[in-house]
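Please keep the sequence and the model open while reading.

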Amino acid sequence: MDRATMQERFDRLVWRVEEARIKRSEHHIVKIVAVSKYTDEESIRLLYDLGQRAFGESRVQSLQERVEKLDDLPIEWHYIGRLQKNKINHLIRANPFLMQSLDSLELAEAMQKRLAENGVTMECLMQINSAREESKAGVEPEKAEEVYLAIKESCPNIDLRGLMTIGAHVDDESVIRESFETTYSIFERLKNEGAQICSMGMSRDFELAIECGSNMIRVGSILFE
Ligand SMILES: *Cc1c(COP(=O)(O)O)cnc(C)c1O
């Protein structure tokens, strides 16, 4: 992609986020994570050069490769994909800024063991399956608070910072809204427990997500496709 096209897309995105966040509140700040899974390193460098600092990857191997190849740039890397237990050590080595897809107590306990062995900690978000879709990972909304507290209790090397969800994959806006509202209400109840980040909204639904309280969006195709 050429620089002018990237600049135009990025500016347009920033303006739409700006309008959506001000609609909610002047004090509501939203962080943009550019999901680079569809694109090449050159486009990541281009977007970095235009001012973007947070990037997300959904495969451990791609994350590792990019952390290495782009280590001349102080990029903040986010891991947003499903994590298989046999990849935990690879993820620890890649050392992301934020792991957003902690989707069960079982995974948390497996990560805890490896993190402790390596003598490191990792900042994570717990993923909620807010649309209750079979194909999606995440903790069921009904069990979310209980599981969040259990992870906090039993995993001292995991620093839980909040929640992540993927909106319902449907056309009906009211159904998507419901999945965001469900997640936001859990987030509000967990604020006492230190939850600060509510990561929701992708290219197709980030304005709605921000309207529902999201303070972190993860967008890929709108920038890179
Ligand atoms: C791919 C992906 C995104 C970005 O999706 P777009 O629709 O391209 O914006 C966000 N979150 C997760 C978890 C993803 O896997």
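Ser 214 sits in the loop that joins helix 8 (206–211) to strand 8 (216–219). The model is a predicted one.

- The relative accessible area of Ser 214 is 0%, under the 20% limit, so the residue is buried.
- Apart from residues up to four places away in sequence, Ser 214 touches His 28, Val 30, Cys 198, Met 200 and Ala 209.
- With one of these residues, Cys 198, there is also a polar pair: a polar atom of the Ser 214 side chain lies 3.4 Å from the backbone oxygen of Cys 198.
- Between the C-alpha atoms of Ser 214 and Phe 97 the distance is 19 Å, with 117 residues separating the two in sequence.

**Ligand site**

- The residues around the ligand are Val 35, Lys 37, Tyr 38, Ile 80, Ile 166, Met 202, Ser 203, Arg 218, Val 219, Gly 220 and Ser 221.
- An oxygen atom of the ligand is 2.9 Å from a polar atom in the side chain of Tyr 38.
- The side chain of Arg 218 places an N or O atom 2.9 Å from a nitrogen atom of the ligand.
- Gly 220 contributes through its backbone, with an N or O atom 2.8 Å from an oxygen atom of the ligand.
- The protein buries 89% of the 390 Å² that the ligand exposes when taken alone.

- His 78 belongs to strand 3 (residues 76–79).
- Is His 78 buried or exposed? His 78 has 0% relative accessibility and therefore counts as buried.
- The side chains of His 78 and Glu 76 form a polar contact of 2.9 Å.
- Leaving aside neighbours within four places in sequence, the contacts of His 78 are Val 33, Ala 54, Phe 55, Gly 56, Glu 57, Leu 63, Phe 97, Leu 98, Gln 100 and Met 216.
- Gln 112 is part of helix 5 (residues 105–118).
- With 11% relative accessibility, Gln 112 falls under the 20% limit and so counts as buried.
- Not counting residues up to four places away in sequence, Gln 112 touches Ser 154, Cys 155, Pro 156, Asn 157 and Ile 158.

**Loop residues with positive phi**

- Most residues other than glycine have a negative phi.
- Asn 95 is not a glycine, yet its phi is positive, at about 50 degrees.
- Asn 95 lies in the loop between helix 4 (88–94) and strand 4 (98–102).
- The relative accessibility of Asn 95 is 53%, over the 50% limit, so Asn 95 counts as exposed.
- Arg 132 is likewise not a glycine and has a positive phi of about 50 degrees.
- The loop that holds Arg 132 runs between strand 5 (122–128) and helix 6 (144–154).

**Other loop and helix positions**

- Thr 121 is placed in the loop between helix 5 and strand 5.
- At 55% relative accessibility, Thr 121 counts as exposed.
- Beyond its neighbours within four places in sequence, Thr 121 is in contact with Leu 115 and Asn 157.
- Thr 121 and Asn 95 are 26 residues apart along the chain, and their C-alpha atoms are separated by 9.4 Å.
- Ser 25 is located in the loop between helix 1 (3–24) and strand 1 (31–35).
- A relative accessible area of 26% makes Ser 25 partly exposed.
- Ser 25 and Gly 213 are 9.8 Å apart in space, C-alpha to C-alpha, and 188 residues apart in sequence.
- Asp 49 is found in helix 2 (residues 41–49).
- Asp 49 is exposed, with 51% relative accessible area.
- A polar contact of 2.9 Å joins the side chain of Asp 49 to that of Arg 3.
- From Asp 49 to Val 35 the C-alpha distance is 16 Å, and the two are 14 residues apart in sequence.

Key:
Residues are numbered from 1 along each chain as its sequence is written. This is a predicted model: local features need pLDDT of at least 70, side-chain atom pairs count only at pLDDT 80 or more; totals for chains, interfaces and linings use all residues. Side-chain values use heavy atoms; hydrogens and water are left out. Helices (H or I, at least four residues) and strands (E, at least two) are DSSP runs, numbered from the N terminus. Buried means under 20% relative accessible area, exposed over 50%, partly exposed in between (1.4 Å probe, protein chains only). Contact means heavy atoms within 4.5 Å. A residue is near a molecule or strand if one of its heavy atoms lies within 4 Å of it. A polar contact is a pair of N or O atoms within 3.5 Å; within protein, one must be able to donate a hydrogen and the other to accept it, and residues adjacent in sequence count only if both atoms are side-chain atoms. Accessible areas come from the Shrake-Rupley method with a 1.4 Å probe; for residues, only the protein chains shown count as cover.
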